[in-house]
Amino acid sequence: RSGARLFFAFIAGLSLVPAMSPWGLWPFMFAGFSLFYIALDRARSGREALLSGALFGFGFHLLGLWWIGNALLVPGNESYRWAWPLAVAGLPLLLSVFTAVAAVLSWRAGRLSTSAPGRFFLFTALFGLAEWLRGHILTGFPWNLYGYGWTHLWAIAQLAAPIGIYSLTTITIFWAGFPGFLTLWNASFARKALFFGLVAASFAAAYGYGVSRLAAPEKDDAEKNAVVLLLVQPNIAQAEKWDPARARENLDTLLSLSESRPGEDKPGHTTVVIWPETSIHTGFLRDEQAVAAIRRVLAGYPGPVYLMTGLLRAEKEGYYNSLVVYDRELFPLAVYNKSHLVPFGEYIPFQELFSFGPVTGFEGFSAGRGPETATVLDLPPFSPLVCYEVIFPGAVVEKGPRRPKWIVNVTNDAWYGDSPGPYQHFSTARFRALEEGVPVVRVANTGVSGVIDSKGRVVAQTDLLREERATVALPFSVEKTSLYGWIRSISFVFVLSFFFLLYFTTFGRIK
């Protein structure tokens with residue numbers, strides 16, 4: 001029987017994944033959390049509760065993150081294929097620690113069906129706190145937060161605009177686990193009906209708020225349509241990306257997709273051509289033929305034009321994964337160095353104790369200073385981000401009064417092939433646009449690339465694993481003050497405190 005209960009906890013974790021991108025089947029969140037709540041209530045010991053929580057988290061992350069192992073299957077990485085099981089199962093195992101601790105603490109407070117609904121409020125608060133900790137401890141990995149399950153019910157997702165994704169995640173846990181709680185609660189029909197009505201009303205209110213917010217007219221913005229974005233998705237396979245024999249062919253692909261085309265250039269517009277992460281390296285800028293070819297393409301634009309590209313920079317002090325803006329003469333106007341590096345991918349923690357060479361062939365990247373607002377002549381100020389920097393809530397724009405008008409996120413994602421990873425990455429970018437109130441422009445080597453407006457709606461989107469280009473006008477921004485990030489953080493503290501307060505005030509009182 002213990003084995004059956006643990007099995008159901010594992011299945012409950014698996015059941016959450018269809019709610020995430022690319023599927024967006026949000027009812028699965030209700031099935032998964034409710035099933036887990038019931039399984040956890042049936043645990044007969046603290047050890048079983050701990051294992052239930054671990055299996056729940058392991059199942060969710062195993063099925064949701066299996067694609068990370070694809071990086072070890074890329075041609076040229078054959079010598080590391082032995083590590084594929086570790087990549088696929090190791091990270092989910094580490095992330096399951098958070099759900100395991102939240103589960104055992106919930107269970108230690110008593111049977112979840114006893115003294116309800118106090119136990120349910122505690123369960124909600126602890127699992128919400130666990131998600132926040134997952135996003136912050138050891139540099140954090142807030143991928144597939146439960147609140148991202150609303151990607152295909154965007155009216156509910158609008159709650160992230162005022163309160164942020166962590167608060168929305170906590171409320172999502174409450175809504176999704178409620179059917180399981182109601183099943184266990186030994187109360188009268190009238191009492192259950194009343195509580196059901198209150199919870200349903202909160203969901204309806206959130207949905208109504210979202211519909212109203214999405215329907216609200218945009219403010220006039222003098223910068224609307226003044227900037228035209230050309231998103232270049234070359235779809236260069238990872239195994240061919242740094243092949244010296246294909247260097248010129250890869251550059252030609254980027255250039256052919258970047259050329260000015262009749263009908264796309266309009267008087268009075270500034271064009272920004274955007275290439276993905278590490279599209280070129282500093283060696284290209286020392287090649288006269290390559291520089292001349294890029295200048296010729298940029299010279300074909302009648303109006304102001306800029307090239308914004310991911311650049312692998314080799315400097316005396318080390319390597320940088322950068323985003324650089326050039327004018328039509330390839331003079332650099334702004335340089336941003338990626339600051340939030342990928343552990344074990346771009347650097348090794350405590351690397352003074354380990355050799356980085358066997359992993360990547362060089363000593364790792366140097367980190368930049370952090371989020372910043374870049375200003376380039378006649379372009380609206382923007383926040384540059386490289387790769388997975390966009391997944392960190394509250395850490396995508398510079399703190400202080402210099403708020404950007406838009407966010408540019410360049411990434412590769414070719415490592416992961418045809419998998420849910422790029423779709424999940426794109427979905428995460430939608431929430432950053434929603435939270436910060438500015439458009440997000442995402443350009444990926446193999447996709448998914450696109451433009452997202454300040455309410456998180458997709459204005460343009462390319463297909464995965466396709467060579468494409470997309471020309472899109474820069475959308476509106478929503479005005480938010482520099483205090484907004486602070487208010488959003490306080491909102492999470494308030495939401496968490498609210499559920500803890502409900503636990504302490506209702507425990508043992510409402511049967």
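This is a predicted model: local features need pLDDT of at least 70, side-chain atom pairs count only at pLDDT 80 or more; totals for chains, interfaces and linings use all residues.
Two packed helices are described by the angle between their axes and the distance between the axes. For helix α2, which covers residues 27–41, and helix α5, which covers residues 118–134, the angle is about 115 degrees and the axes are 13 Å apart. The crossing of α2 and α5 is right-handed. On the α2 side the contact is made by Phe33, Phe36, Tyr37 and Leu40, while α5 contributes Arg119, Phe120, Phe123 and Phe127. Sorted by class, the contact of α2 with α5 comprises seven nonpolar residues and one charged residue, with no polar residue.

Helix α2 also holds Ser34, which counts as buried because its relative accessibility is 7%, under the 20% limit. Leaving aside residues up to four places away in sequence, Ser34 touches Ala176, Gly177, Pro179 and Gly180.

**The five-stranded sheet**

Strands of a sheet pair through backbone hydrogen bonds, either parallel or antiparallel. In this model five strands form an open sheet of mixed pairing, and their order is β7-β8-β9-β10-β11. The edges are taken by β7 (382–386) and β11 (458–461), and each of these has a single partner strand, so one side of each is left without a neighbour in the sheet. From one strand to the next the twist averages 10 degrees.

The pairing of β7 with β8 (residues 406–411) is parallel and consists of five bridges; Val386 has Val410 as its bridge partner in β8. Helix α13, spanning residues 420–436, packs on the sheet and touches β8, β9 (440–444), β10 (450–452) and β11, and the direction of α13 makes about 160 degrees with that of β9.

**A buried lysine**

Where in the chain does Lys338 lie? Lys338 belongs to the loop between β6 (332–337) and α12 (357–360). With a relative accessibility of 0%, Lys338 counts as buried, because the limit for that class is under 20%. Not counting residues up to four places away in sequence, Lys338 touches Asn321, Glu346, Ser366, Ala367, Gly368, Val386, Cys387, Tyr388 and Glu389. Val386, one of these contacts of Lys338, is also the residue whose bridge partner in β8 is Val410.

**Backbone details in loops**

| Site | Feature | Angle |
|---|---|---|
| Asn235 | positive phi | near 55 degrees |
| Leu330 | positive phi | near 65 degrees |
| Ser21 and Pro22 | cis peptide bond, omega | about 5 degrees |
| Gly447 and Val448 | cis peptide bond, omega | about 5 degrees |

Asn235 is placed in the loop between β1 (227–233) and α9 (238–241), and with a relative accessible area of 26% Asn235 is partly exposed. Leu330 is placed in the loop between β5 (318–326) and β6, and at 11% relative accessibility Leu330 counts as buried.

Definitions and conventions:
Residues are numbered from 1 along each chain as its sequence is written. Side-chain values use heavy atoms; hydrogens and water are left out. Axes are lines fitted to C-alpha atoms, for helices over the stretch in contact, and angles run from 0 to 180 degrees between N-to-C directions. Helices (H or I, at least four residues) and strands (E, at least two) are DSSP runs, numbered from the N terminus. A crossing is left-handed if the near helix is turned anticlockwise from the far one by less than a right angle, and right-handed if clockwise. Contact means heavy atoms within 4.5 Å. Ala, Val, Leu, Ile, Met, Phe, Trp, Tyr, Cys and Pro count as nonpolar, Asp, Glu, Lys and Arg as charged, and the others, Gly among them, as polar. Two strands pair if DSSP finds at least two bridges between them. Buried means under 20% relative accessible area, exposed over 50%, partly exposed in between (1.4 Å probe, protein chains only).
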